[in-house]
Amino acid sequence: MSQTVPFPNGLPMDRDAGPFNPPREITRLREAQPVSPLVFPDGHEGWIVTGYDAVRQLMADTRFSSRQDIGILHVPYETPGMPAATEPSPQIPGMFIAMDPPDHTRLRRRLTGAFTVKRMKTLEERIIAITERQLDELARLTPPVDLVKEFALPVPSLVICELLGVPYADRDTFQVNSAKFMLKDVTLDEKMAAYGALTTYLAELVTRKRAAPGEDILSDLARHDDLTIEELTGAAFLLLLAGHETTANMLALGTFALLEHPEQLAELRADPDLLPDAVEELMRYLSVVDILYRYATEDIELGGETIREGSTVVVSMLAANHDPQRFENPDTLDIHRKARGHLSFGHGIHQCLGQQLARIEMRAGFDGLLRRFPTLQLAIPADEVKLRTDMNIYGVHELPVTWTETAR
């Protein structure tokens, strides 16, 4: 008989086992019940899935819906200003991450061609050039500097702006509003104001691209007459948000993790061929996107439990990526590990479209940073680094670093 787990104050989200590992309570829960019934703060009963095999099975099963307009989504933590969940959230046009087939299939198919492995490889030289130019800017500064502001955020922002056809000069508009949108502890009004500002800007942009398309992904989408301006705006919002927030946090948090593991950092610097596996391991180890939600559209068996139709299911990608049943010594960073199979890009029909782009950016970013700054180190004690525990994508708010020499 499964024991229902009450979390009256919301799920433990802080990484209290260290800045890179799952919360201790979530780890204990995974060891006891990888598929656990739980009680949300509002009293609603649902489920949390933490085991690797169960998460992978769930993500591949389209009976677990991603739509938020067919059931009430009960958030696992309290958010000031958020009303009690009493009715389904409306579906947002173009937001294919929150859609099921056939709507998801139609929109995803339009985008798949833009993010093929082949196309990403042709962009690799351009991405490396953007990265090196930003490293030149970084090297001109007098340390200490904030690596987030001067490198980790500009690189993926420059890349995604160029790919989508968003003017980089407008970055302040989307960076400030996307950051506010990703905050947990803001009121619903503040969150919706940030969302409204972003979508208003993007609606104007895609309307211009429909009238006069260029050589970019949003223009390619705008050429499809079956996509409405609202759908184009929703898709643009998702691509812009995902395209710079996740990679920026991986570059900054990954650098922090490597600086905290100097032996592995030295190995990586001495042998850049280790980098592809190191990137996969950092993705697994850090899991910057942790909590996802699904909604059971019928009674479904999972991990020996019956999840009833209508249940809200919380999925912890961080816990799954640290499951010792799948990864040996999972709470240890090991750049020699073959971590392919991690779930940081998701699994199933919603697996991240831009994963090859993210891999290229991270390889270029870490390679350039380690090569150009051989004496890179934290400028403050590690326990003073401000972690993004208040955000829906984990990372660091700032990463003050210093160095004594630079190289080409």
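## Arg 63 and its partner

Arg 63 sits partly exposed in this predicted model, with a relative accessible area of 31% (buried is under 20%, exposed over 50% and partly exposed in between, using a 1.4 Å probe and protein chains only). Its salt-bridge partner is Asp 61, with the closest N and O atoms 2.8 Å apart (a salt bridge puts a side-chain nitrogen of Lys or Arg within 4 Å of a carboxyl oxygen of Asp or Glu). Asp 61 counts as buried, at 16% relative accessibility.

A quick note on the model: it is predicted, so local features need pLDDT of at least 70 and side-chain atom pairs count only at pLDDT 80 or more, while totals for chains, interfaces and linings use all residues. Residues are numbered from 1 along each chain as its sequence is written, and side-chain values use heavy atoms, with hydrogens and water left out.

The whole structure has 21 salt bridges. In one of them, Arg 371 meets Glu 132, with the closest N and O atoms 2.6 Å apart. Arg 371 belongs to helix H14 (residues 355-372) and Glu 132 to helix H4 (residues 117-140), so this pair ties together parts 239 residues apart in sequence. Helices here are DSSP runs of H or I, at least four residues long, numbered from the N terminus. Arg 371 is partly exposed at 33%, while Glu 132 is buried at 17%.

Asp 220 and Arg 223 make another salt bridge, at 2.9 Å between the closest N and O atoms. Shared partners also link Glu 132, Asp 136, Asp 367, Arg 371, Arg 372 and Arg 408 into one salt-bridge network.

## The nonpolar cores

The largest nonpolar core has 86 residues, and Phe 115, Leu 138, Val 166, Leu 286 and Leu 399 touch the most other members. Such a core is a set of buried Ala, Val, Leu, Ile, Met, Phe, Trp, Tyr and Cys residues joined through side-chain atoms within 4.5 Å. Helix H10 (residues 229-259) is the top contributor, giving 14 residues.

Beyond its neighbours within four places in sequence, Leu 286 is in contact (heavy atoms within 4.5 Å) with Arg 15, Phe 20, Met 250, Leu 253, Gly 254, Ala 257 and Leu 318. Another core lies apart, with 19 residues that include Met 59, Ile 300, Ile 307 and Leu 343.

How values were computed. Helices (H or I, at least four residues) and strands (E, at least two) are DSSP runs, numbered from the N terminus.
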